[in-house]
Amino acid sequence: MRTALVLLFALAVAAIPGSLIPQRDVSPIAVADFIADHPLLGPVYAAVGLFDVFSSAWFSAIYLLLFVSLVGCIVPRVLVYARALRTPPPRTPRNLSRLPAYATATLQTDETDDVVRQRTVTELRRQRYRVIERDGTVAAERGYLREAGNLVFHLSLLFLLVGVAVGGLFGFRGSSVVMVGQGFANNITQYDDLSTGAWFSDDQLPPFTIAVNRFRVAFETGPVQTGAARLFELETEVTDRPGDQPYAKTIEVNKPLTVDGATVHLIGHGYAPVVRVRDGNGDVAFSGPVVFLPQDGNFTSAGVIKAPDGRPERLAFEGIFAPTARVDDRGPRSLFPDLIDPALYVNVWSGPPKTETGEPENVYSLDTAGLTPLKDADGQPVRILLKPGTSYQLPGGKGSLEMTGATRWVKLQISDTPGIAVVLGSIGAAVLGLCLSLFVRPRRVWVRIREEAGGSRLVEVGGLDRADARAGLSEDVADLVQTVALGAGAAAPDRGEKENQ
Amino acid sequence: MNLEYYSSAALVTSVVIYLLAMTAHAAEWAAARRTPATAEPAELAAEAVETRKFAAVAAGSPKSGSATTASGPVDREDTNQTRLADLKIELWGRVGVALTVIGFGCSVVGVVLRGLAAGRPPWGNMYEFTITAMVLVVAAYLVLVWRTGARWLGLPVTLLAAVGNGLSVTVFYVAIAPLVPALHSVWFVIHIVAAAVSGAAFTIGGLMSALFLARQRAERRGSVTGYLKRLPTARKLDLYAYRFLAFAFPLWTFTVAAGAIWAEYAWGRYWGWDPKETWALVTWVVYACYLHARSTAGWRGTRAAVVALIGLASFWFNFVGINLLVSGLHSYAGI
C-alpha cells in the first residue's frame, strides 16, 4: 500500500509539467516557440523529455511500476478473497458485550431456543447476511461485495491499460485539408499528417471516399461574444468503397461520421481565395483555390500563392486573406470570421524558373531563395489589394493576378482507435467496482440466547463493522434484538430517521 | 429590465446576504470563544468505549477533565453567565443559518433565471459553473444542518459562498451568449453536472478535513476550547470528510470518463493530455492517494487529511488556474 501511495504521488507530480509546459503532441508550434524564447532552458527541457512528458521514459516508468505494484497487490488479494468466499462467518466471540455494538432483550415468547434461532437466521438471511448456526449461536456476515468491488476496480484499471495500448499500437489518426466542393479518398497519400501505431498497416485504411459538398457556418453577430462560432454543418456524400452507391451524410462538431470502423471528425476550417495567375507570356500559370491558414479568431489568414510554372519568370505571392477585410495602420486584418467583405493582400516575388528537384516543399510558406520582391516605379515593394472579381497587372509586364472569389476549406480528421470498447468497458466496470468498494458495508453480527438466573432468557446481539465510514450499526443491532426477542408476528420496530451523531 | 439583469441582481444580493450570514457565524464563534474546556470528555469517552481502536486519541486529552475540578464550586452567577453566553451563541447561529437560507434562495433564483434567460442549462462558462457549484455546496450544507445540525460548518461555507459568488459577479461575469457548437451535446449536461456535484462534495470534504486538522491538534494538546469545542470530535470529522470524498471520488471518475466519451465525439480522441484533462487526472490520482492513505498505517488521520486538502487545491487550480492561465481545448471561461 505504501508503495502504491508513493507511486500515485509520483504520478500526480509527474503529470503536472505536462500541463504547464507546451507538449509536442498537443501543440508543436508552441514547443518551437518556447525553445526559441528560452535558448538555455529549451534544450535542457528537450533532453529530459519535458516536451513529451506523457511518452517520456520516466513518466512511463512511474505508471508501469504502478501497474506492476497493482498486479503484485491484486493477485494475492484475489486468492484471499476466493478463500474468504468459501469460509463461513467466524466463530461467535465469548463476550458479545465487548463488541462495538451490543444490545440485549429479554425473550418475550415461550418458543424453544431452536425456533428463536431459526427466526434469527431467517431474519438475517432476509437482510442478505450469510448465516451459520454454530454451538447454539448464530454467526452472520455480509458485505462480501466490498472487496469484490475493490478487486474489480483495480483489475479494470489493468484492462484500461490494455485497451489504451491496443489503441496506441493498432490505431491511426490523420488529418486532411479538403476544399469545399472537392473530396477526400481514404488513401495514405491524401493525408496531410498521419500518426499511426507501431503495428498499424496501410491496408487498415478503409477505402471510402467523401465528397465535401457544402459547409454551412454561422457566427455570432450580436454584441456578446461577437464572432464566436454558432454553427458548423458539413454536408458530404460518402461512398463506402469504390463502386458503392454514395449516400448523403452531415458532419457536425459533436456528430462525427463513422465509415467502416473509421471516424471522421470536422476539426477545423478556413478560407481559400480562388485566384488566377497569368505569367509574362500571358499564359495561365496557376488557377484555383489556395489554402490560407487562419492566424486569429477572426480568420485573418496567411498563405502563399505559388506559380512555379510562370514563364519567362516564375511568380509567387505571399500575404494575407481576410474574410471581412480592414486595412489600416495596423496592417491588413479581418474584423469578423464570416465571409462578408473578403480581400486578398499580397506581396509579389519573381525570379528565374527553378529546376524541378522533386523535393517536397511547404505549401504554406515561401522559400525566397532565387526570388526577388517585385518593386514599383518608386522602388517600393508592390503590394496588391484584391477583392473578388478584380485583377492586378504586375509592373514590367510580368503578368497578372486575378481574384475570382473565395471558398472555404475544412480540416477532416480520420481516426480509428481499436481498443476503445475495452477502454469504455473497463471504465464502466471501474466506476461500478469503485462504488461497491466504497459503499458496501461489510458487517458481522452474532446472536446468542442466554439463560438468566431467574429462568428468563436473554437474547444478546453483538455487531462489528469491518470498514469505517458507516453509520447505523447500533440501530441495526437494536432492531435485530427486538425482532428476535419479541417473537413471531411482532411488527418490526420503527427505525430512527436520524443517524446517531 | 430582463431576466439576465434580475439573475445578476439576485446573485449580487446573495453575496451580500452570505456576507451577513458569515458575520453572524463569526459572531457565533466569537461568543463561543469563552466556552471553557469543561464537560469535554463525555463525548470522547463515550466514543472510546464504542471503539477501543481510537482510545488513544481520547486518552490524549485528559486535561479537560481536570479543568472542572480546578475551577472549584460553580456559583449561580457563573451559571447565569454561561446560560446567557449559550443563548447568545445559539441566537447568532440561528441568525446565520436563516440568512444562509435566504442567500441560498437568492442564489438559486439567480441560477434559474440565468438558465431561463439563456434558454439553455446555465453551465456554459466559468461564471455559470461557479454560481451553480456554490448553489450545490450551500444546498449540501443546508441539508446537513437540517438532518444533523451541522451548524459548525456555517462560517467556512458562508465564507466560501460569499467569495465564490462574489468573484463570479465581479471577475468571472460574462453576458449571456449561446453555446459554441462544441458544447451542443447531451454530454454537456452529464459531464458538467457531474463535475459540479463532485466539485461541491470535494469542497465540503476539504472544509471538513481542514476543521479535522484544527480539532485534531487541539485534542492532542488537550485544550479544546471555543469554536473547536463546538465541532464534532476529530474522529467524526474525519469520518464526515471521508463520506463526502468517498461520494465525490466515484462521481469524479465518472466525470472524467464522461468527458473522455464526449471528447471522442467532439475532438476525435478520448484522451489528449489537454491541460484540463491532465489536471483532472492529477486531482483523481491525489484523491486515490487519499483513499489509499486512509488504509495505510501511519497515514490515517492527519496525513490523509492533508492529502485531501492537496486534492482540493488541485481541483480548484484545475478550475481557476487552468481556465485563466493556460489555454487549451477547455477554454470556455470567456473572460
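## The largest cavity

α10(B) supplies eight residues to the lining of the largest cavity, the most of any element. Helices (H or I, at least four residues) and strands (E, at least two) are DSSP runs, numbered from the N terminus. A cavity is a set of points, on a 1 Å grid over the protein atoms alone, where a 1.4 Å probe fits but cannot get out; lining residues have an atom within 4 Å of a point.

The largest cavity has a volume of about 640 Å³. Its lining has 32 residues, with His191(B), Ile192(B), Ala195(B), Lys276(B) and His330(B) nearest the centre. The lining splits into 22 nonpolar, eight polar and two charged residues.

## How the model is read

This is a predicted model: local features need pLDDT of at least 70, side-chain atom pairs need pLDDT 80 or more, and totals for chains, interfaces and linings use all residues. Residues are numbered from 1 along each chain as its sequence is written, chains are lettered from A and ligands numbered from 1 in the order written, and side-chain values use heavy atoms, without hydrogens and water.

## Where the chains meet

The contact (heavy atoms within 4.5 Å) takes 53 residues from chain A and 59 from chain B. Chain A and chain B bury about 4800 Å² between them, 66% of it on carbon and sulfur atoms. Buried area is the accessible area (1.4 Å probe) that two parts lose on being put together, summed over both.

How many salt bridges cross the interface of chain A and chain B? The rule (a side-chain nitrogen of Lys or Arg within 4 Å of a carboxyl oxygen of Asp or Glu) finds zero.

Definitions and conventions
On a 1 Å grid over the protein atoms alone, a cavity is a set of points where a 1.4 Å probe fits but cannot get out, and a pocket is an open set with protein on both sides within 12 Å along at least five of seven lines; lining residues have an atom within 4 Å of a point. Grid points are joined across faces, edges and corners, and a volume is the space filled by probe spheres set on the points. Ala, Val, Leu, Ile, Met, Phe, Trp, Tyr, Cys and Pro count as nonpolar, Asp, Glu, Lys and Arg as charged, and the others, Gly among them, as polar.
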